Amino acid sequence: MSEIAQRLAELERMGLARRLRLVSGPQGPTVLLDGKPVLLLCSNNYLGLADHPRVREAAAEAAMRWGVGAGASRLVCGTMTIHRRLEERLAEFERSEACLLFGSGYLANIGVIGALAGAGDTVFSDELNHASIVDGCRLSRAEVVVYRHRDVEHLEWSLRKQSRGAGLVVTDSVFSMDGDVAPLAELAEVAHAYGARMMVDEAHATGNLGPGGRGAVAEAGLEGEVDVVVGTLGKALGSYGAYACASAEIVRYLLNTARSLIFSTAPSPPAVAGALAALGLLQERPHRVQRLRSNARVLRRALAAEGFPVADSELQIVPLIVGEPQAAMRLCQATIERGVFAQAIRPPTVAPGSSRLRLTAMASHTHSELELAATVFANAARELGLEPEAMAPALPERVAAPEPVVADMDFGVDYWPEAPFDVEREGELPEVTVAQVPTQAMAVVDFEDLELEREQEAGREEVGYQEEAAAASPNAPFDIERELSRARAA
Ligand code: PMP
């Protein structure tokens, strides 16, 4: 057996092996998953813009006008007029002086952290920050201090103790796997008090929080007070790519030093045009944000009514914490069989012992779809012997109240330099015995009914994007003949 085969077998044994599931069609509220119709409840297409006809059409038109590939790095010959236009629009949206596009949120985070911190500096990072931040910290070669989740006192204590070089405090604003929010105002105050810069990753806040869905930084009234705001185009903005908003000076510095920007091809024109169209839709029709928020509340309340320990809020990410990876996978499979898809999330994405289904509401779901999904989760869980009431509560309830600061607190030698979840550490996971998976046949959700209901509701509600699309574009979303004749005429 090769070493790779052994490692794969080990991942299988620990319940941590991954495989790709095949989705046919766009990221709509329902999809064909490996050929089976399911309600999609784990996509980050929060505002339903990835599959919006105006966004699709903008991307198609951009492909005809600018081509598909940007051809080179931004700094070589990859910066096109459309990149500049989106940067201007995003800077306006984020109320910042300047903006710089990156290939993805992952690339933006590793690029920005590496540019703002290096050997001899210190990065202060929330323990539940996204893996791209963790990797950015590692690549930067700075000293990394991991502070307890959302714990401002721990951050302050760390800043006081650790004062090597320039300091950078970095946090997700909405945490990707728990759907809770960082205390940004307090974090910024502490960072500034100690002369540290602050960087906020708004990947899951854009489109849900803040006035007009402008994010948690805007909601906290911190515009202009955070040194770098990173956002992604791949979630609420329905496309692919990312951006960093900052002062003109910092943006110029990033342009000169962020390696993931310098050494990587510029975002593709169709993706940039799609994001521009999505941003336009978000600004023209902010009720989509309201719809996402009310859908999140409906989903949360329906789950709570089924007994799941889910907090009443309007945040669209809802974790159902199962515990061991095998159990989370069984629950995922059981709900797919009943017609609802929410992928199980396991280590190293989340901490050992906290494997979960990560549910996400989208603005394009109907209330009845979300209510039905909650019943499906409860039925599937009970059938597997998992009582919803007995599941671990989601954050922030799970977080103990911050302990009083003790000057000589000892967090153990390993704690400081390490990122929270480390794939190398997964080998130390205790062995888990796989319980017998009960086989059952339960009524599968009737998707024809669901689809009909969705259409009826969409007709009534403001989202109604079919009409919107028809008004914007009387033609088919993308007609190659029409595009070719336009291009020839141009
Ligand atoms: N930051 C956070 C908080 C994320 O959740 C993600 C993606 N899951 C990223 C950054 C990376 O963004 P992208 O998918 O655009 O690479």
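This is a predicted model: local features need pLDDT of at least 70, side-chain atom pairs count only at pLDDT 80 or more; totals for chains, interfaces and linings use all residues.
Leaving aside its neighbours within four places in sequence, which residues is serine 260 in contact with?

1. Serine 260. The residues in contact with serine 260, once neighbours within four places in sequence are set aside, are Phe102, Leu107, Ile110 and Gly111. You will find serine 260 in helix H11, which covers residues 259–262. Glycine 111 is worth a look here: 149 residues separate serine 260 from glycine 111 in sequence, yet their C-alpha atoms are 5.0 Å apart. Serine 260 counts as buried because it has 24 C-beta neighbours inside 10 Å, and the cut-off for that class is 20 or more.

2. The protein as a whole. Stepping back, the protein contains 18 helices and 14 strands. Its residues number 490, and 50% of them count as buried. If you take the contacts between residues at least 6 apart in sequence, 74% join residues that are at least 24 apart.

3. Around the ligand. The shell here has 14 residues, and the ones that come nearest to the ligand are Ser104, Gly105, His130, Ser176 and Ala203. Sorted by class, the shell holds 9 polar, 3 nonpolar and 2 charged residues. Helix H5 (residues 105–116) gives the most to this shell, with 3 residues.

4. Helices H4 and H12. Next, look at H4 (residues 81–93) beside H12 (residues 269–284): their axes come within 10 Å and cross at roughly 30°. The angle is under 35 degrees, so H4 is roughly parallel to H12. The crossing of H4 past H12 is left-handed. On the H4 side the contact is made by Ile82, His83, Arg85, Leu86, Arg89 and Phe93, and on the H12 side by Pro269, Val272, Ala273, Ala275, Leu276 and Leu279. By class, this contact between H4 and H12 has 9 nonpolar, 2 charged and 1 polar residues.

5. Backbone details to check. Aspartate 34, with phi of about 45°, sits in the loop between strand E2 (30–33) and strand E3 (36–40). Aspartate 34 is exposed, since 12 other C-beta atoms lie within 10 Å. Arginine 95, with phi near 50°, belongs to the loop between H4 and strand E4 (98–102). Arginine 95 has 13 other C-beta atoms within 10 Å and is therefore partly exposed.

6. A cis peptide bond. Proline 347 and proline 348 are joined by a cis peptide bond, with omega about 10°. Look for proline 348 in the loop between strand E13 (344–345) and strand E14 (355–360).

Conventions: Residues are numbered from 1 along each chain as its sequence is written. A residue is near a molecule or strand if its C-beta atom, placed from the backbone, lies within 6 Å of it. Helices (H or I, at least four residues) and strands (E, at least two) are DSSP runs, numbered from the N terminus. Ala, Val, Leu, Ile, Met, Phe, Trp, Tyr, Cys and Pro count as nonpolar, Asp, Glu, Lys and Arg as charged, and the others, Gly among them, as polar. Two residues are in contact if their C-beta atoms, placed from the backbone, lie within 7 Å. Axes are lines fitted to C-alpha atoms, for helices over the stretch in contact, and angles run from 0 to 180 degrees between N-to-C directions. Angles under 35 degrees count as roughly parallel, over 145 as roughly antiparallel, 65 to 115 as roughly perpendicular and the rest as oblique. A crossing is left-handed if the near helix is turned anticlockwise from the far one by less than a right angle, and right-handed if clockwise.
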